[in-house]
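Colleague: Could you take one part of this model and go through it closely, from the loops to the sheet and what packs around it? A plain account will do.

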Amino acid sequence: MARFDTLVFDLDGTLLDTLPDLVVLTNTALGEFGFPRRSADEIHSFVGNGARALIYQAVPEGTPADRAEAVMDRWKALYPDLGTKLTKAYPRMPETLAELKRRGVRMGVLSNKFDQGVRDVIAEYLPGLFEVVHGECEDIPRKPDPTGLLRTVSELGSSPKRTIYVGDSPGDVRVSRNAGTFSLGVAWGYHTAERLREAGADEVIEDARDLLRFV
């Protein structure tokens, strides 16, 4: 088995289960604008391409762009109060990350969630474990554009050939391919192991502790 010294992680569905908070947050924002609520399954299906994509799918079809942007702005404003109350780390994830750090593995986070939201939730639930943390911002376009992943790898002092990108979605597999890193899918997130394999993941793991086999 190939060995690596650098791991970069997706956030939602990979490190943390944030879906319960996304359901509350999204429906609160929709309700303030008089829009109908969405089910947890619907919001689940909208996750993976960033907050703006989530909101544009959550508002009713035909909603004007300026109205959708207003919902997006309110969603972000509500995030500090509603965005992380129900979030939980996936089983065995914190202790596995701590062991990876103890072994000297370089670790970062690259998410399609908006940048400040990524920094806030990592600081709250997984503090002190990652050297580099990035979300979507002006300088970092959404995955599967490889710009953010290549930047994260560079800031970690590594190279794509030494790096695994760990994620739970086909988009995570695509960004890994686009950047030239090893693509490791996780079966506990918001997409099935079958979908990840169909997307071309190099391997799919079932337990966070399996990460230790690759370093």
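Modeller: Arg92 has a relative accessibility of 32%, so it counts as partly exposed, since that class lies between 20% and 50%. This is a predicted model. Arg92 sits in the loop that runs from strand S3 (88–89) to helix H5 (93–102). Its phi is positive, about 65°, although Arg92 is not a glycine. As background, most residues other than glycine have a negative phi, and most peptide bonds are trans.

The peptide bond between Lys143 and Pro144 is cis, with omega at about 15°. Pro144 belongs to the loop between S5 and H7. Pro141 lies in the loop between S5 and H7 too. With a relative accessibility of 33%, Pro141 is classed as partly exposed. Pro141 and Gly50 are 91 residues apart in sequence, but their C-alpha atoms are 10.0 Å apart in space.

Six strands make up an open sheet, in the order S5-S4-S1-S6-S7-S8, with parallel pairing. S5 (132–136) and S8 (203–205) are the edge strands: each has a single partner strand, so one side of each has no neighbour in the sheet. On average, neighbouring strands of the sheet are turned by 25° against each other, direction ignored.

Four of its five residues are buried, so S5 is largely enclosed by the rest of the structure. Val133, which is part of strand S5, has a relative accessibility of 13% and therefore counts as buried, the limit being under 20%. Beyond its neighbours within four places in sequence, Val133 contacts Val109, Asp115, Val118, Arg119 and Ile122. Val121 is twelve residues from Val133 in sequence, and the two C-alpha atoms are 11 Å apart. S4 is mostly covered as well, with eight of its nine residues buried.

Helix H7 (residues 147–155) contains Thr152. Thr152 has a relative accessible area of 0%, which means that it is buried. Its contacts, leaving aside neighbours within four places in sequence, are Val8, Leu110, Val132 and His134.

Now the nonpolar packing. In soluble globular proteins, nonpolar side chains tend to be buried together. In this model the largest nonpolar core has 53 residues, and those touching the most other members are Phe9, Leu15, Trp75, Leu97, Ile122 and Phe130. Leu15, one of the residues named for the largest core, touches Phe9, Asp10, Ala89, Tyr90, Met93, Leu97, Val109, Ile122, Leu126 and Phe130, with residues up to four places away in sequence not counted.

Trp75, another residue named for the largest core, is among the buried residues of H4; the others are Ala68, Val71, Met72, Leu78 and Tyr79. An α-helix has 3.6 residues a turn, so residues three or four places apart point the same way. The cover over the buried residues of H4 includes helix H1 (19–32), helix H3 (51–58), strand S4 (106–114) and helix H6 (115–125).

The geometry of helix H4 (residues 65–82) can be checked against its length. At 1.5 Å a residue, its 18 residues should span 26 Å, and the end C-alpha atoms are 24 Å apart, which agrees. H4 is not straight throughout: there is a bend of about 25° at Lys76, and a proline, Pro80, follows within four residues.

Notes: Residues are numbered from 1 along each chain as its sequence is written. This is a predicted model: local features need pLDDT of at least 70, side-chain atom pairs count only at pLDDT 80 or more; totals for chains, interfaces and linings use all residues. Side-chain values use heavy atoms; hydrogens and water are left out. Two strands pair if DSSP finds at least two bridges between them. Helices (H or I, at least four residues) and strands (E, at least two) are DSSP runs, numbered from the N terminus. Axes are lines fitted to C-alpha atoms, for helices over the stretch in contact, and angles run from 0 to 180 degrees between N-to-C directions. The expected span of a helix is 1.5 Å times one less than its number of residues. The bend at a residue is the angle between axes fitted to the seven residues ending there and the seven starting there. Buried means under 20% relative accessible area, exposed over 50%, partly exposed in between (1.4 Å probe, protein chains only). Contact means heavy atoms within 4.5 Å. A nonpolar core is a set of buried Ala, Val, Leu, Ile, Met, Phe, Trp, Tyr and Cys residues joined through side-chain atoms within 4.5 Å.
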